[in-house]
Amino acid sequence: MFRQLGEDIRAVFDRDPAARSFWEVLTCYPGIHALIMHRLAHWLWGHRLRWLARFTAHVARFFTGIEIHPGATIGRRFFIDHGMGVVIGETALIGDDVTLYHGVTLGGTSWNKGKRHPTLENGVVIGAGAKVLGPITISAGAKVGSNAVVTKPIPAGATAVGNPARVLDHSEQSKQREAQAEKMGFSAYAVGRDQDDPLAKAIHGLLDHAAETDRRLASLIRELDAQGVKCDNEVLAADRFDPKYLSKIVD
């Protein structure tokens, strides 16, 4: 137990640059307190002391603001940063080296018995305020951006953002930048600079195409005018397309 606690505390130093000392982490990090209480509650749950397990979890919630059902299975080096508002359901399965930020929910989507909460494989990072719902699997090394709502499985190493969550299309250049960022330090909140919502990217692509079409039509009208061919007044009086204004709306 103490060896596992030591691993959990070292994980805090690996992922939180604000951590200064072992004593500070042990006494001032609610994620560590909630995890210690959960280990006890989970042990009680496994030995069929269900009421005592639930009461232990309730006390932990009162003092930390983190609600972890005693039936949830949590691996090694689990880190909850800040922690307030985190909710982890009964049938959630969490692997090793997983990170959750504040406001994360690992919830269910039905009242049926059995597996109804997510599975997070090793190395998953869930950004602040994200909701991962249902008996889905977030595969190893995947990241979920802040405030995303995930109801479908996420493949290994992928990044999902938005509501509903969409998996980003990582280019080779983006992967190289991500690898370099991991060498330099932890990427907080599961979001990098180049990780725009893919829906916004698609809309921007359509705007670029529309702007280019508008430019070609204007060039064609000028060429026709130079050849002595006069265009209809309605064509000339049409509202000009403003891609910059629409881009601001999308952003």
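Modeller: The conversation below moves from the chain as a whole to a helix pair, a cavity and some backbone details.

Colleague: What kind of model is this, and how many helices and strands are there in the protein chain?

Modeller: This is a predicted model. The protein chain contains eight helices and 15 strands.

Colleague: What percentage of the residues is buried?

Modeller: Of the 251 residues in the protein chain, 37% are buried. As for contacts between residues at least 6 apart in sequence, 39% of them join residues at least 24 apart.

Colleague: Let us turn to the helices. At what angle do α3 and α4 cross?

Modeller: The axes of α3, residues 30–46, and α4, residues 50–64, cross at roughly 175 degrees and come within 8 Å. An angle over 145 degrees counts as roughly antiparallel, so α3 is roughly antiparallel to α4.

Colleague: Which residues meet in that contact?

Modeller: From α3, the residues are P30, H33, A34, M37, L40, A41, L44 and W45. They meet R50, L52, A53, R54, T56, A57, V59, A60 and T64 in α4. By class, the contact of α3 with α4 comprises twelve nonpolar, three polar and two charged residues.

Colleague: How many cavities of 30 Å³ or more does a search of the whole structure find?

Modeller: The search finds one cavity of 30 Å³ or more. The largest cavity holds about 40 Å³ of space.

Colleague: Which residues line the largest cavity?

Modeller: Its lining consists of A34, H38, A57, A60, R61, I66 and I68. Five of the lining residues are nonpolar, one is polar and one is charged.

Colleague: And which helix gives the most to that lining?

Modeller: That is α4, with three residues. Both α3 and α4 supply at least two residues each to the lining of the largest cavity. A34, A57 and A60 are among the residues of the α3 and α4 contact, and these three also line the largest cavity.

Colleague: A change of topic: the backbone. Where is there a cis peptide bond?

Modeller: The peptide bond from N163 to P164 is cis, with omega near 0 degrees. P164 sits in the loop between β14 (159–161) and β15 (166–167). Most peptide bonds are trans.

Colleague: Which residues have a positive phi although they are not glycine?

Modeller: R77 has a positive phi of about 55 degrees, and H82 has one of about 65 degrees. Most residues other than glycine have a negative phi.

Colleague: Where do R77 and H82 lie?

Modeller: R77 is in the loop between β2 (73–74) and β3 (79–80). H82 belongs to the loop between β3 and β4 (87–88).

Colleague: What is R116 in contact with?

Modeller: Neighbours within four places in sequence aside, R116 contacts E90, T91, G107, G108, T109, S110, G134 and P135. R116 and T91 are 25 residues apart along the chain, and their C-alpha atoms are separated by 6.3 Å.

Notes
Residues are numbered from 1 along each chain as its sequence is written. This is a predicted model: local features need pLDDT of at least 70, side-chain atom pairs count only at pLDDT 80 or more; totals for chains, interfaces and linings use all residues. Side-chain values use heavy atoms; hydrogens and water are left out. Axes are lines fitted to C-alpha atoms, for helices over the stretch in contact, and angles run from 0 to 180 degrees between N-to-C directions. Helices (H or I, at least four residues) and strands (E, at least two) are DSSP runs, numbered from the N terminus. Angles under 35 degrees count as roughly parallel, over 145 as roughly antiparallel, 65 to 115 as roughly perpendicular and the rest as oblique. Contact means heavy atoms within 4.5 Å. Ala, Val, Leu, Ile, Met, Phe, Trp, Tyr, Cys and Pro count as nonpolar, Asp, Glu, Lys and Arg as charged, and the others, Gly among them, as polar. On a 1 Å grid over the protein atoms alone, a cavity is a set of points where a 1.4 Å probe fits but cannot get out, and a pocket is an open set with protein on both sides within 12 Å along at least five of seven lines; lining residues have an atom within 4 Å of a point. Grid points are joined across faces, edges and corners, and a volume is the space filled by probe spheres set on the points. Buried means under 20% relative accessible area, exposed over 50%, partly exposed in between (1.4 Å probe, protein chains only).
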